Amino acid sequence: MGVKTVFFVLALAVLSPFLYERRHFATQLYANAPGRLVEIQAFRSHRVKFADRVRSCEDVLLLEERGLAIVACDPGRERWNTVMGFFLPGPVTSAGLYVYDYREDGLADAKALKSIELADFPAGQDLHTLGMAYHQATSTLFVSNHAKAGSRIEMFKLDVGALTATHVRTILHPLVHAPNAIALIEGDEFYVTNDHYVLARQSMILAQMETFLAAPTGTVVHVKLGADGVQAKVVARVPFANGIEMLNSTTVAVASTSKSAVYLYTRSSDATLKYQSRFSVPFMPDNLSLSAGKLLIAGHPHLPSLRRFASSRHICNDAVELGGAAAEMKEYCSTAEATSWVSEWSETGGLRHLYAGTEYPTSATAVRDAKRGVGIVAGLYAKGIMVWRE
Ligand SMILES: *[C@@H]1O[C@H](CO)[C@@H](O)[C@H](O)[C@H]1NC(C)=O
Ligand SMILES: *[C@@H]1O[C@H](CO)[C@@H](O)[C@H](O)[C@H]1NC(C)=O
């Protein structure tokens, strides 16, 4: 063997566990491309709603006893996305919060979706929403905010009847540097994921390397709020830690976007987490939610088309930008497709796929009111939200 061959064989030997580990990534690149992705629809009917009123609604949470959904939509994500690394110059529209009354299918759109007014919000227009969580007993809404001024978590007192969210407090902590999803334990205690160690706003290259190498550099942080400040500690390290949900009093699920897997942890009484097991999904899971004992997992089947779709929205969705765009971009805007995937999982039922397709693009979150048989999918860069009925 020549020297070159020896090096090649050695390099392959060193890399092969890694390549084997990352094979799902290559499979997804091929099988999940728009046009090739095999469509799945496991519900009776579904409809995209409010497409002309809201877009880029990554976050939904349900107030099931009232039949209401809180939806956060951030059209500014087209120009400012701290996770994917879009930092376009010029003004960026702030996010808005909405209440969607999903009880009756027939309710007129104008009545079904109402805007929530923010009160006493010191950051003004600098709201860029990621995960939200709601503490019912105190009507407190927690919102991850990737503000231009720095990532933080905002706390609001929510009055759903009056359609107002009054700002209470901003949570800032060095360990909460890239807050994504929040899972509440108590009104003053929660887990929050940080998707990356290096933020795209610090170094695009390093942040992308974390994603592609699936380095275990995302964190789950336990946060306890006291009168005298914020206590935080890292309780788990997960590659691209994204959605987080408590399955029950002892088990916490964390979506690892770059590993195409959901990690399960056992929680001790001091809130620390111990790795238990993980299962794979055929897409890059984004957010998690719990519905009648089942874990709903929404995510991104095909990264290249998501990137292209996401990074062109500031042109495709803006008449002025589109008018000045090259012919090739105009053509892309009129035909662009991106994929979505939603599955559910339980220990006894295993993994079951509910939706895969391009009709509603870029699914990030799925929630379901099992009693009413209504589900909602929110897409990172989609127009409107998708509502399904079972
Ligand atoms: C994830 O889903 C939960 C519902 O379980 C929701 O409260 C939250 O806003 C979502 N987070 C993100 C980052 O989309
Ligand atoms: C919590 O959920 C996990 C995963 O489904 C299960 O293995 C465990 O037995 C559950 N624990 C309790 C206390 O219900």
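Predicted model: local features only at pLDDT ≥ 70, side-chain atom pairs only at ≥ 80, totals over all residues.
**Notebook: ligand sites, pockets and cavities**

I began at ligand 1, where a polar side-chain atom of asparagine 287 lies 2.3 Å from one of the ligand's oxygen atoms. Residues are numbered from 1 along each chain as its sequence is written, chains are lettered from A and ligands numbered from 1 in the order in which they are written, and side-chain values use heavy atoms, with hydrogens and water left out.

**Ligand 1**

I looked up the other polar contacts (a polar contact is a pair of N or O atoms within 3.5 Å; within protein, one must be able to donate a hydrogen and the other to accept it, and residues adjacent in sequence count only if both atoms are side-chain atoms). Glutamate 58 places a polar backbone atom 3.4 Å from an oxygen atom of ligand 1. For threonine 365, a polar side-chain atom is 3.1 Å from an oxygen atom of the ligand. On its own, ligand 1 has 360 Å² of accessible area, and the protein covers 92% of it. I note that accessible areas come from the Shrake-Rupley method with a 1.4 Å probe; for residues, only the protein chains shown count as cover.

I find 13 residues around ligand 1, with Asp59, Met132, Asn287, Ser289 and Thr365 the closest. Here a residue is near a molecule or strand if one of its heavy atoms lies within 4 Å of it. By class, the shell has five nonpolar, five polar and three charged residues. In this scheme Ala, Val, Leu, Ile, Met, Phe, Trp, Tyr, Cys and Pro count as nonpolar, Asp, Glu, Lys and Arg as charged, and the others, Gly among them, as polar.

**Pockets**

I then asked where ligand 1 sits. Ligand 1 is in the largest pocket; to sit there, more than half of a molecule's atoms must lie within 2 Å of the grid points. Strand E3 (59-63), strand E9 (129-135) and strand E21 (284-291) are the elements that give two or more residues to the shell around ligand 1. Helices (H or I, at least four residues) and strands (E, at least two) are DSSP runs, numbered from the N terminus.

On a 1 Å grid over the protein atoms alone, a cavity is a set of points where a 1.4 Å probe fits but cannot get out, and a pocket is an open set with protein on both sides within 12 Å along at least five of seven lines; lining residues have an atom within 4 Å of a point. Grid points are joined across faces, edges and corners, and a volume is the space filled by probe spheres set on the points.

The largest pocket holds about 780 Å³ of space. I find 28 lining residues, and Leu61, Leu62, Ala133, Tyr134 and Glu245 are the closest to its centre. The lining residues divide into 16 nonpolar, seven polar and five charged.

The second largest pocket has about 270 Å³. Of its 14 lining residues, those closest to the centre are His24, Gln28, Ser260, Ser280 and Val281. Helix H2 gives the most to this lining, five residues.

**Cavities**

My search of the whole structure finds three cavities of 30 Å³ or more. The largest cavity contains about 400 Å³. Its lining has 30 residues, of which Asn81, Val83, Met84, Phe240 and Leu380 are the closest to the centre. H4 supplies the largest share of this lining, five residues.

**Ligand 2**

Which residues are around ligand 2? I list Asn248, Thr250, Thr251 and Glu347. Asparagine 248 has a polar side-chain atom 2.3 Å from an oxygen atom of ligand 2, and glutamate 347 has one 2.8 Å from an oxygen atom of ligand 2. Ligand 2 exposes 360 Å² when taken alone, and the protein buries 54% of that.
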